[in-house]
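Subject: Structure for you to look through

Hello,

Here is the structure I promised. Please open it beside this email and follow along.

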Amino acid sequence: MRTHRKTAVWSVALTALLALVVTASAAVGPVWIPPDVVAQVLLNAIVVPTAFDISGTAIDVTTQPVFRFRVSRLQRLIVMNVRLPRILLAAVVGFALAAAGTIMQGIFRNPMADPSIIGVSSGAAVGAVGFIVVGGTLPFGLGLRAAAFAGALVSAFGVYLIATEGGRTPVATLLLAGVAVQTFLGAAVSFLLLNAGESIRRALFWLMGHLKGAAWPEVWSSLALVAVPFALLLVYARDLNVMLLGEEDAQSLGIEVERTKRILLALASLATAAGVAVAGIIGFVGLIVPHVMRLLVGPDHRVLLPTSALAGASFLVATDTLARSGSTELPVGIVTAALGAPFFLYLLRKREVHEL
């Protein structure tokens with residue numbers, strides 16, 4: 001019961017923090033909107049169903065707003081149509097990367113592990129840059145994000161197949177296979193960039209990580225692709241706790257180690273792919289956030305996983321706000337790296353980075 005209470009308290013606090021960060025972020029831009037007005041716009045968007053009309057196969061739902069604050073139409077359009085989709089997409093991506101980073105650090109029992117350790121980000125880079133350079137369209141009208149998503153999953157699956165022998169996937173072999181595949185894919189990206197021609201600027205911009213031009217369809221699709229694996233990851237949080245004791249000890253305690261490892265890797269890769277596909281390569285979120293939260297809440301993944309995900313959402317919203325608040329908008333990947341690297345070095349100097 002104590003664990004559930006701790007999870008609830010931390011989750012409520014971090015959700016409140018996320019709400020404050022989102023509100024503050026929506027106020028920032030070429031047109032300043034007071035945070036209290038932003039809050040009123042967001043509250044006006046809350047609706048409840050009042051009637052259902054079912055005719056044939058169609059369902060028509062009548063809704064009623066809960067709040068009716070008076071705000072200008074221009075302010076509502078700026079918040080709801082321009083800023084909020086980007087902010088919420090940043091929250092979803094940060095949520096996914098931090099959750100995946102938590103799982104990877106648990107599987108590898110190493111605080112240096114991050115979501116890209118098995119080549120997910122490198123695979124997405126090859127898919128995205130290849131699509132940009134070659135041009136054209138994918139089947140079924142799919143585009144850049146679909147190419148990045150497919151590249152990420154293919155890379156992760158390839159690393160897993162390379163590292164698996166006789167039904168077993170040793171963590172050390174998985175790590176080495178990931179490093180080798182990342183190196184190879186990095187060479188492939190370099191080759192594509194050499195032949196990018198006029199497309200090189202767009203390719204480099206994607207590789208730096210950005211959330212510019214986000215729209216509501218991307219928010220909903222990314223949220224769906226992240227929510228399902230995250231919910232399943234929560235189910236395996238206790239098993240991951242046991243695996244921290246070592247694979248042999250976990251096996252003796254009734255955990256199907258190889259099966260659990262496969263499921264965790266697949267779910268973490270899916271969440272990472274969903275985030276990278278829409279935002280490009282964004283580093284340090286999945287490395288720094290889980291580590292900091294581990295120092296605050298402890299190593300129990302039943303608490304660590306949801307709190308890290310919520311903290312990652314707030315972190316990426318805040319860094320993206322900083323990235324777009326200057327005279328020249330920066331790719332958010334530059335900002336996360338510029339903030340994350342010095343902070344991680346600080347932790348190293350303070351001896352706060354240790355084995356799990």
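Start with helices α8 and α11. They are roughly antiparallel to each other, because an angle over 145 degrees counts as such and their axes cross at roughly 160°. Helix α8 covers residues 216-235, and helix α11 covers residues 257-279. Their axes come within 9 Å. The crossing of α8 past α11 is left-handed. On the α8 side, the contact uses S222, L225, V226, P229, L232 and L233. On the α11 side, it uses L264, L267, A268, L270, A271, A274 and V278. Of these contact residues, 12 are nonpolar, 1 is polar and none is charged. Keep in mind that this is a predicted model.

Residues three or four places apart in an α-helix point the same way, because the helix has 3.6 residues a turn.

Now a second pair. Helix α4 (residues 120-134) packs against helix α5 (residues 144-163). The angle is about 145°, and the axes are 6 Å apart. Here α4 passes α5 in a right-handed crossing. Which residues of α4 and α5 meet? From α4 come V120, G123, A124, G127, A128, F131 and I132. From α5 come L144, A147, A148, G151, A152, S155 and A156. This contact divides into 10 nonpolar residues, 4 polar ones and no charged ones.

Helix α1 runs over residues 2-27, which is 26 residues. At 1.5 Å a residue, α1 should span 38 Å. The C-alpha atoms at its ends are 38 Å apart, so the two values agree. The same check works for α13, which has 24 residues.

What about burial? In α1, the buried residues are T7, S11, L14, L18, V21, V22, T23, S25, A26 and A27. Their cover includes α2 (35-44), α3 (73-108), α12 (285-297) and α13 (301-324). As for α13 itself, 20 of its 24 residues are buried, so the rest of the structure largely encloses it.

Is A177 buried or exposed? A177 is buried, because its relative accessible area is 8% and the cut-off for buried is under 20%. Leaving out neighbours within four places in sequence, A177 is in contact with V159, I162 and A163. A177 and Y160 are 17 residues apart in sequence. In space, their C-alpha atoms are 8.1 Å apart.

R109 has a positive phi, near 50°, and R109 is not a glycine. You will find R109 in the loop between α3 and α4. Its relative accessibility is 33%, so R109 counts as partly exposed. F284 also has a positive phi, about 75°, and is not a glycine. F284 sits in the loop between α11 and α12. With a relative accessible area of 25%, F284 is partly exposed.

Send me your questions once you have looked.

Best wishes

Technical notes
Residues numbered from 1 in each chain as written. Predicted model: local features only at pLDDT ≥ 70, side-chain atom pairs only at ≥ 80, totals over all residues. Heavy atoms only, no water. Helix = DSSP H or I, 4+ residues; strand = E, 2+ residues; numbered from the N terminus. Expected span 1.5 Å × (residues − 1). Buried < 20%, exposed > 50% of the residue type's maximum accessible area, 1.4 Å probe, protein only. Contact = heavy atoms within 4.5 Å. Axes fitted to C-alpha atoms, helices over the stretch in contact; angles between N-to-C directions. Left-handed = near helix turned anticlockwise from the far one by under 90°. Nonpolar A, V, L, I, M, F, W, Y, C, P; charged D, E, K, R; others polar.
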